[in-house]
Structure formats: C-alpha cells, structure tokens
Amino acid sequence: MSKQEFLNQLERRLAGLPAEDIDERLNFYSEMIDDRMEEGLSEEEAVNEIGPIDTVVSQILSETPFPIIVREKIRSKRSFETWEIVLLVLGFPLWFSLLVAAASLVFSVFVVIWSLAFSMWAVTFSFAISVIVAVLGGIVEIFRFEGWRGVAYISIGFIMAGFSILMFIASIYMSKAAILLSKKFWIKIKSFFVGGENA
Amino acid sequence: MDIQLKRGLLDVCVLAAIKNEDSYGYKIIKDMKPYLELSESTLYTILKRLETADMLKVRSVEHNGRLRKYYHITSAGLKRINDFREEWKEMVSIYQFVSREDDSNE
C-alpha cells in the first residue's frame with residue numbers, strides 16, 4: 001500500500017470524528033511514514049511498519065470518548081429544513097421507539113455478556129453461604145451430642161469450601177473475559193457511527 | 001503489567017525521551033525501542049495527553065520541504081520526571097523489603 005492509499009483509507013475509516021482531529025492524526029501518520037522513508041525504507045515497508053489499518057482504527061476508536069463521536073454525528077447535520085422538522089415531529093413515535101429499541105438492543109448485549117459472569121458469582125456466593133451454614137450446623141449438632149452428624153456436616157462444609165474456591169477462580173476468569181468482550185463490543189458500536197462505506 | 005502502571009510509565013518515558021533535546025515522533029519511538037515497544041497510535045495519545053497537561057509544547061519545523069513536529073519539555077514535564085524518580089525510590093525500597101522476605105524463606 002502506498003502512503004497516499006494508507007492515508008486515504010484512514011481518512012475514510014475515521015470519517016465522523018471531529019475534522020481537526022482527523023487532520024492532526026493524518027499529519028502525524030504522514031510524518032511517521034516520511035521519517036521512515038528518509039531512513040531508507042521503501043514506501044511500502046514504511047507503511048507496513050505503521051501496522052494494519054484495522055488495528056490503527058480500532059485503537060483510535062477505543063481512545064475516543066463516545067460522547068465526542070455522537071456530538072460530531074449530530075453536528076455534521078445541523079441545519080434542518082422546515083419539512084425535516086415537521087417530519088421529525090410527526091415521526092417522533094416511530095423514530096423514538098426505534099431509538100429506544102436500538103439502545104435496549106445494545107444494553108441487552110451487555111447483559112448477555114455479563115449474565116454468565118454474574119451467575120457464576122451468584123453460585124460462588126451461595127457455595128460460600130452453604131459452607132458457613134454447614135459448619136455452624138455441624139458445631140450445633142456436636143453440642144447436641146450428635147457427634148457423627150456434626151462431623152458429617154462439617155466435612156460437607158469443607159467440600160463446599162473447595163467448590164466455592166474453584167468457582168471463585170472461575171468467576172474471576174469469566175469477569176475478565178466479560179470485560180474484554182465488552183470493550184470489543186463497545187469499539188464495534190463506535191465504529192458503527194464512524195467511518196464511511198466500509199466501517 | 002498493570003494498565004494504570006504502564007500508562008504512567010509510558011508518559012514518563014516519552015518525557016524522558018525529550019528531556020535533553022527536543023525530539024520528533026519517529027525519533028521518540030526509535031529511542032525508546034530498546035526499552036519499550038511503542039506503537040504510533042499509542043504515542044499519539046500520550047503526546048496529546050502530555051500536551052493537554054502542559055508537560056510539553058509542540059512546534060512545527062520545516063524539514064526537507066515538509067513540516068515536522070518537535071516536542072519540547074516544559075517545567076511541569078521536568079517536574080513529572082523528578083516526581084517519578086522520587087516515587088520510584090520508594091518503590092525500590094519496598095521491592096527490597098519484598099525480596100528480602102523471599103531470601104529468608106529459602
């Protein structure tokens with residue numbers, strides 16, 4: 001890919017971000033490529049060293065706050081015609097419900113991502129509760145001179161303790177996975193607002 | 001490495017790269033390469049953050065018929081480096097404490 005191709009693609013993929021922001025980034029990458037070529041790299045090699053354009057774009061998106069993206073989206077179509085306003089008002093029941101639907105869709109994806117982690121934490125918690133109940137119950141039984149039953153209760157408590165430790169570790173892993181997934185999904189949402197044809 | 005810790009380290013490293021003389025993007029990346037692998041987009045974000053925090057100033061200089069941005073450290077930037085070194089002294093003493101515990105166990 002030539003330098004110009006790279007910059008053109010980047011510009012297209014970032015369309016929707018504030019214009020001065022895009023300019024500044026394009027200048028930055030252009031300088032980076034030029035400096036590499038001055039060191040003796042070919043244009044192709046210099047562009048390659050910057051990295052795949054997908055990585056560059058998703059990194060930029062993950063660093064840009066969502067409100068800025070939305071604000072820019074609204075600003076880019078500021079002057080409404082009279083008929084547009086009429087249509088907007090009349091169509092309110094339609095577009096508002098669509099907007100709510102879209103927002104709840106996004107929300108539900110996050111719920112799905114987190115529900116597994118949440119339920120695992122719930123299981124961990126209930127295991128931990130059962131440990132306390134079994135051990136306390138066992139002690140009570142011992143004091144009621146039901147020695148064997150008491151020992152059985154306490155041993156069950158220890159087994160449950162083992163389970164709850166395992167579940168605790170699994171829950172932590174699951175939460176980490178959920179965080180990672182949420183981040184990726186969030187970038188996807190952002191890229192829905194940003195970028196021209198091939199966002 | 002912890003993300004928050006790494007972010008702080010990167011900020012200080014970039015400041016250190018322009019401490020002695022003004023530098024430009026690609027040179028900063030090259031200078032840091034033996035110690036830290038830094039991507040262009042990460043560097044851009046760091047430079048932006050440091051500029052907003054008034055720790056560095058940017059000026060464009062004509063170079064081979066194009067503009068190149070040079071980054072100049074401010075007194076706030078120098079202070080950040082010194083703060084970091086002070087903090088690190090504490091970290092080192094904690095590290096020595098932790099390692100000593102390690103040795104006595106073996």
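This is a predicted model: local features need pLDDT of at least 70, side-chain atom pairs count only at pLDDT 80 or more; totals for chains, interfaces and linings use all residues.
**Entry 1: the layout of chain B**

I began with the secondary structure of chain B. I found four helices and three strands there. Following the sequence, I read the order as α-β-α-α-β-β-α. Next I looked up burial: 22% of the 106 residues of chain B count as buried. I also checked how far apart in sequence the contacting residues sit. Taking the contacts in chain B with a separation of 6 or more, I see that 50% come from residues 24 or more positions apart.

**Entry 2: helix α2 of chain B**

Which residues of α2 in chain B are buried? The helix spans residues 25-32, and I noted B:Gly25, B:Tyr26, B:Ile28 and B:Ile29 as buried. I then wanted to know how they are placed around the axis. They cover an arc of only 160°, so they lie on the same side of α2(B). A reminder to myself: an α-helix has 3.6 residues a turn, so residues three or four places apart point the same way.

**Entry 3: where chain B touches chain A**

How many residues does each chain bring to the contact? I get ten from chain B and 14 from chain A. On the chain B side, α2, α3 and β3 (66-73) each supply at least two residues. The largest share of that side comes from α3(B), with four residues. By class, the side of chain B that touches chain A has two nonpolar, four polar and four charged residues.

**Entry 4: positive phi in chain A**

I turned to the backbone and stopped at A:Phe145. Its phi is near 60°, a positive value in a residue other than glycine. Where does A:Phe145 lie? I placed A:Phe145 in the loop between α7 (92-143) and α8 (147-193) of chain A. Buried or exposed? I count 8 other C-beta atoms within 10 Å of A:Phe145, so this residue is exposed; the cut-off for exposed is 12 or fewer.

I found B:Asp54 in the loop between α3 (40-52) and β2 (56-63) of chain B. With 11 other C-beta atoms within 10 Å, B:Asp54 is exposed.

Methods
Residues are numbered from 1 along each chain as its sequence is written. Chains are lettered from A and ligands numbered from 1 in the order in which they are written. A residue is buried if 20 or more other C-beta atoms lie within 10 Å of its own, exposed if 12 or fewer, and partly exposed in between; C-beta atoms are placed from the backbone. The arc is that of the directions from the helix axis to the C-beta atoms. Two residues are in contact if their C-beta atoms, placed from the backbone, lie within 7 Å. Ala, Val, Leu, Ile, Met, Phe, Trp, Tyr, Cys and Pro count as nonpolar, Asp, Glu, Lys and Arg as charged, and the others, Gly among them, as polar.
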